[in-house]
Amino acid sequence: MVPTSEMLSAVPHQDFAELEVFARRLVDMLLAYLDGQGDKERKVVEFVPPAELQEKLDLLIDEKPMALEEVLKACATTMEYSVKTGHVHFFNQLFAKVDVVSLMGEWLTTTLNASMYTYEVAPVFTLMELSVLERIGRMLGFENIDGIFAPGGSMSNLYSLLAARHRMFPGVKEHGLRAMSADPVVFCSEHSHYSTAKGCIMIGLGKQNCVSVACRSNGVMDPADLEAKIEEALQQGKRPMYVCATAGTTVFGAFDDITAIHSVTSKHKLWLHVDGAWGGSVMLSRRRKHLLNGSHLADSFTWNPHKMMGVPLQCSCIVLNNKKGLLEEAVSTKAGYLFQPDKLYPVEYDTGDKAYQCGRKVDIFKLWLLWKARGDLGMEATVEKAFEFAGKLASEVKRRPGFQLVTEPMCTNVCFWCIPDAVASVPEASRNEILNKVAPLVKQEMQKNGTTLVGYQQLGGLPNFWRMVCISNVATDETVQFLLDHIEKYTSKCLETCLDG
């Protein structure tokens, strides 16, 4: 049937009184969800296989409008089958429970529906972003500070690559990759985040020119191997361009020695970027900020407050040291319909031309509001709480028979094996094979039962181990016991399957 003009002109759900009732009911549902996150009896996830979940969700879009009552039911179903990342037993990722004040900041900015390209349409948020970036830069020891908030740490890291390439090969902006006089080479540790390699793909350098640098047993980049890899690239006629140090690696939580790496990068005049997406939050702690010693020597730094600090996803920034204007120079196009030179205000407040995006979501307000609400002391306490919990977990792992740390934690990642007596006594090769088989089975039990979620992985030739990300601010000693008890219980159960097989 061809729609009539009357049908097409009748946009549904436009009565505000009706919408207000709907909105208040949905807000009540959301607040009840937030209030219930501390309920340990609730499941972390109600796992349903994909085919079955598709049926429960009714994913197909209908031609006719859905009644708001049915829309509410769809919201409830969505919440029911989503992972409860705010649950006290969720330790699967580098993020967890959101801070409610910061969440309200997200609601506010979404309600205002602003975009960050010009002061003209985002005056308040533009000033907030500039102020907070300046604050972060000063905490890192930066001068002549510049930066931008980006949609995630991968994009922040990509901006650092773009800036570094522009500094070395400015002609690429106009003439493309043929303007490079030699193949640029990027260096990052073998434990670094994969976004550096992906960035090399995106800006045309290629994966082969993203060189992996060896790490020591604790996951820290080896500066001697970095020097050797740079020399090797030079001998191949390539042009070393950029080194990415990591402040808090994804798995071990290792902090690279920025000062030692800088001694290599300064010798060869390379850009030094620090990916502090995960561990950068230690800048807020007087007790932990030594882990970032040498940060003032970096050219750029990435930080994701949506990780340890509880800011809702996503919230990430790239901060540049003594490179003011370089990022805009690298990516700007001076679009005349947005960035006119004759505005009512100083046009340097139109910061959008240094972003790859045009429309840019307001990510600054939820961080600014959280920081205002907590103050420096409250932000510091959040970091300390995470480290305190990680310390308790690591101590219990070392105390318990059948458990073994993979490495001493530098951050709040606690990596360990659960090795029952039946496995501990077998030869190493066989033991490793069993550990590699057991971990996926244990994870499946976690998902099916919904009791907890913890990540596992192999790394650097090591067999599967557990990585607990300790950032919950409501975890207790009881939480430590619960998690290790469950891993031990599921391991014993799944071990029978492996040994029988």
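Analyst: A cavity, on a 1 Å grid over the protein atoms alone, is a set of points where a 1.4 Å probe fits but cannot get out. By this rule the structure has three cavities of 30 Å³ or more. The model is a predicted one, where local features need pLDDT of at least 70 and side-chain atom pairs count only at pLDDT 80 or more, while totals for chains, interfaces and linings use all residues. Residues are numbered from 1 along each chain as its sequence is written, and side-chain values use heavy atoms, with hydrogens and water left out.

User: How much space lies in the largest cavity, and what makes a residue part of its lining?

Analyst: The largest cavity holds about 70 Å³, a volume being the space filled by probe spheres set on the grid points, which are joined across faces, edges and corners. A lining residue has an atom within 4 Å of a point. The residues that line the largest cavity are Trp417, Cys418, Leu435, Val438, Ala439, Val442, Asn464, Phe465, Trp466 and Thr491.

User: Which element supplies the largest share of that lining?

Analyst: Helix α15 does, with four residues. At least two residues each come from β10 (413–418), α15 (428–449) and β12 (462–469). These labels are DSSP runs numbered from the N terminus, helices being H or I of at least four residues and strands E of at least two.

User: How many residues of this lining are nonpolar, polar or charged?

Analyst: Ala, Val, Leu, Ile, Met, Phe, Trp, Tyr, Cys and Pro count as nonpolar, Asp, Glu, Lys and Arg as charged, and the others, Gly among them, as polar. On that basis the lining of the largest cavity has eight nonpolar, two polar and no charged residues.

User: Why are α2 and α4 called roughly parallel?

Analyst: Angles run from 0 to 180 degrees between the N-to-C directions of axes, which are lines fitted to C-alpha atoms over the stretch in contact. Under 35 degrees is roughly parallel, over 145 roughly antiparallel, 65 to 115 roughly perpendicular, and the rest oblique. The axes of α2 (residues 16–35) and α4 (residues 68–81) cross at roughly 15° and come within 10 Å, and these two helices are therefore roughly parallel to each other. Glu18, Leu19, Phe22, Arg25, Leu26, Met29, Leu30 and Tyr33 of α2 make the contact with Leu68, Glu69, Val71, Leu72, Cys75, Ala76 and Met79 of α4, where contact means heavy atoms within 4.5 Å. By class, these residues are 12 nonpolar, no polar and three charged.

User: What makes the crossing of α2 and α4 right-handed?

Analyst: A crossing is right-handed if the near helix is turned clockwise from the far one by less than a right angle, and left-handed if anticlockwise. The crossing of α2 and α4 is right-handed.

User: What makes α7 oblique to α9?

Analyst: The axes of α7 (residues 153–168) and α9 (residues 195–202) cross at roughly 55° and come within 9 Å. That angle makes α7 oblique to α9. Ser154, Asn157, Leu158 and Leu161 of α7 meet Ser195, Thr196, Gly199, Cys200 and Met202 of α9. This contact has four nonpolar, five polar and no charged residues.

User: Why does the pair α10 and α11 count as roughly parallel?

Analyst: The axes of α10 (residues 223–235) and α11 (residues 258–268) cross at roughly 20°, coming within 9 Å. Helices α10 and α11 are therefore roughly parallel to each other.

User: What makes the peptide bond from Leu313 to Gln314 cis?

Analyst: Its omega is near 0°. Gln314 lies in the loop between β7 (300–303) and β8 (316–320).

Technical notes
1 Å grid on protein atoms, 1.4 Å probe; cavity = no way out; pocket = protein on both sides within 12 Å on 5 of 7 lines; lining within 4 Å.
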